[in-house]
There are 2 protein chains.
Amino acid sequence: MAIKIESLQNKIFKRVKGLNLRKNRDKEGVFVAEGLRFISEIPLDWPVEMFLMTEAFAEENGTKLFENRAVTYILSEELFSLLSDTENPQGVLAVCKKQQENKEKTWIKEDSFFLLAEELNDPGNLGTVIRTADASGVDGIFLSKGSVDVYNPKVLRATMGSIFHVPVYQNIVLEETAREMKKRGVLLYAAHLKGESFPYHLPLQKSCAFLIGNEARGLSDEAANLCDGWVKIPMPGQAESLNASIAAGILMYEVVRQRLN
Amino acid sequence: MAIKIESLQNKIFKRVKGLNLRKNRDKEGVFVAEGLRFISEIPLDWPVEMFLMTEAFAEENGTKLFENRAVTYILSEELFSLLSDTENPQGVLAVCKKQQENKEKTWIKEDSFFLLAEELNDPGNLGTVIRTADASGVDGIFLSKGSVDVYNPKVLRATMGSIFHVPVYQNIVLEETAREMKKRGVLLYAAHLKGESFPYHLPLQKSCAFLIGNEARGLSDEAANLCDGWVKIPMPGQAESLNASIAAGILMYEVVRQRLN
C-alpha cells in the first residue's frame with residue numbers, strides 16, 4: 001500500500017526536499033529523477049529508494065507498478081510542488097541511488113573513448129554533453145572539481161536519461177586521470193586556440209579522449225598541457241567561438257565518423 | 001549630451017520597456033541588444049537607434065563613444081533593471097534596427113549553404129543554432145512560422161552576436177523556400193528517423209541546405225517530404241536522440257568538413 005504524506009513536517013518529505021542541495025545528495029548518495037519520461041529511463045537493475053507522487057498521478061496511473069519496485073508515497077499537489085524543480089510538475093519523482101563508481105571496469109574497454117571536462121559550469125551544457133556522449137558511445141566521462149553537479153535537476157533533465165547509460169566520475173583530478181590514460185595508451189586531445197590542425201586526421205579509431213574547458217575561460221594552461229595534441233575546430237564564418245556543448249559534440253562525432261568504417 | 005530619464009512615465013522608457021513583447025518589436029522593426037560584449041559585436045554600419053545606460057555605467061565608460069553613434073539616455077539602476085532581461089544587468093543596452101531583408105542577395109551566393117527550421121521553439125537552441133551557423137559559414141537561415149522570435153532576448157544572448165553576421169528570415173513558408181531552392185539547384189536534406197544513410201557521403205560541397213525540426217515533435221510529414229534526401233545521424237551508444245542544436249551542429253559541420261578540401 002502506498003503511504004500518505006500529509007505534512008510539511010513529515011520526515012520523508014523533509015529529506016526529499018533537502019535533496020535539492022548538493023551537499024545532501026553527496027552525503028546520502030542519492031538523487032531525484034523527476035517526471036514520467038525520465039523515470040521510464042531508469043534501468044531495471046538500477047536501485048530506486050522510493051517513489052513520490054501526487055494523488056492525481058496515483059489515480060491516473062495506479063501505484064502498483066511503482067510499489068513493486070520501491071516504497072511509494074502519495075502527497076497533495078501542494079506538497080509535491082514544493083519538491084518539484086519544474087514549473088508544471090507531472091506529479092511523480094523517484095529517489096535513486098547514484099551511480100556506483102567502478103573505474104577499473106570503465107578503463108579496461110578496448111578502443112576506448114572518454115570525455116574529460118574542466119570546470120564545466122552550465123547545467124544545460126553538461127546535461128547536453130552527457131546526452132551527446134551517450135549517443136556517440138563514450139565509455140566514461142570525467143569531470144574535474146569545480147564542475148556543476150551532475151545530479152543537479154537541470155543537468156539531469158538535459159541528459160534525457162543518459163545519466164543512466166554512461167559512467168560519470170566527478171571531482172576527479174585531471175592530472176591523475178591523464179596519467180592513467182597515458183599508462184593505458186589513450187591519446188588525449190583538446191580543442192585549443194593554439195591548435196594547428198583540424199580534428200579530421202587524428203587517429204581516433206584507437207583509444208582516445210577529448211578534454212573540454214570551461215564555457216567562459218576555456219582550458220587552463222595546466223589542463224591544456226596534459227594533452228597529447230591540440231586541435232582547432234574550423235570556423236569559416238564570422239563567429240569566433242562555439243558553444244561548449246556544440247564544440248564537444250563536433251569532436252565526439254568525429255570519433256563516431258571515423259569508427260563507422 | 002546624454003539625456004536623463006527620470007520617471008517610469010517617460011515616453012522613451014515606456015517604449016523600450018514595450019520591446020520585451022514580440023508584437024511591439026515586429027511593429028517597430030527594432031530589437032534590444034543588451035550588455036557591453038553584445039553591443040561591441042554590432043557592426044559599424046548597423047543602424048542603432050539609441051543607447052540606454054545606468055549612471056554608473058556612464059561614469060565608468062563615458063558616454064562619448066555612444067553619443068557619436070546614436071542618441072544616448074542615462075537612467076538610474078532601478079529604472080534600468082526594469083528594462084533588463086538579465087539578473088545582473090551590466091547597465092547598457094542598444095535599440096537596434098532589425099536586419100533588412102534581402103533574399104535575392106542571400107540566394108545568389110555560389111556553392112551556397114542554408115539552414116531551414118520548422119517551429120524551433122527553445123530560445124537557447126535557436127540562439128545556439130544561429131551561432132553555430134555563423135561559425136560554419138551558413139549563408140542564410142530560414143525559420144518557419146511558429147518558431148520562437150529571433151529577437152527574443154534569450155535567443156539574442158545565445159547567438160553571442162552572430163545575429164549581426166548571418167541573414168535570418170522569419171515566418172517563411174517552407175514550401176515556398178523549398179521551391180526557390182529547387183529552382184536554384186540547392187539540394188535540401190533533413191535528419192529523419194526513416195533516413196537510411198549517414199550524412200558523410202552526401203555531395204555537400206555543392207549548394208545544399210539542411211532542414212531541422214521542432215525539439216519535441218521533429219519534422220512534420222509535409223516538411224520532410226519537401227527534402228531531396230533524408231539522412232540519419234549515427235548513434236552507436238544508447239541515447240535515442242540528440243538535442244536539436246547538437247544535431248544541427250553535427251550536420252552543419254559535415255558541410256564544413258567536406259568543404260575544407
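Author: Quick ground rule: helices are DSSP runs of H or I with at least four residues, and strands are runs of E with at least two, both numbered from the N terminus. This is a predicted model, where local features need pLDDT of at least 70 and side-chain atom pairs count only at pLDDT 80 or more, while totals for chains, interfaces and linings use all residues. Residues are numbered from 1 along each chain as its sequence is written, with chains lettered from A and ligands numbered from 1 in the order in which they are written.

Reader: OK, where is A:A158 found?

Author: A:A158 is in helix α9 of chain A, residues 153-159.

Reader: What makes A:A158 buried or exposed?

Author: You count other C-beta atoms, placed from the backbone, within 10 Å of its own: 20 or more is buried, 12 or fewer exposed, and in between partly exposed. A:A158 has 22, so it's buried. Leaving out residues up to four places away in sequence, A:A158 touches A:P123, A:G124, A:G127, A:T128 and A:R131; touching means C-beta atoms within 7 Å.

Reader: Which relation, roughly parallel or oblique, does α8(B) have to α12(B)?

Author: Helix α8 (residues 123-135) and helix α12 (residues 244-259) of chain B have axes that come within 9 Å and cross at roughly 15 degrees. Those axes are lines fitted to C-alpha atoms over the stretch in contact, with angles from 0 to 180 degrees between N-to-C directions. Under 35 degrees is roughly parallel, over 145 roughly antiparallel, 65 to 115 roughly perpendicular, and the rest oblique. So α8(B) is roughly parallel to α12(B).

Reader: Over in chain A, how do you know which strands of the five-stranded sheet are edge strands?

Author: The open sheet runs β1-β4-β3-β5-β2 (chain A), with mixed pairing. β1 (3-5) and β2 (30-34) of chain A each pair on one side only, making them the edges.

Reader: What tells you that β1(A) pairs with β4(A)?

Author: Pairing takes at least two bridges found by DSSP. Three bridges join β1(A) to β4 (residues 71-75) of chain A, so they pair, and they run parallel. One bridge partner in β4(A) is A:I74, facing A:K4.

Definitions and conventions
Contact = placed C-beta atoms within 7 Å.
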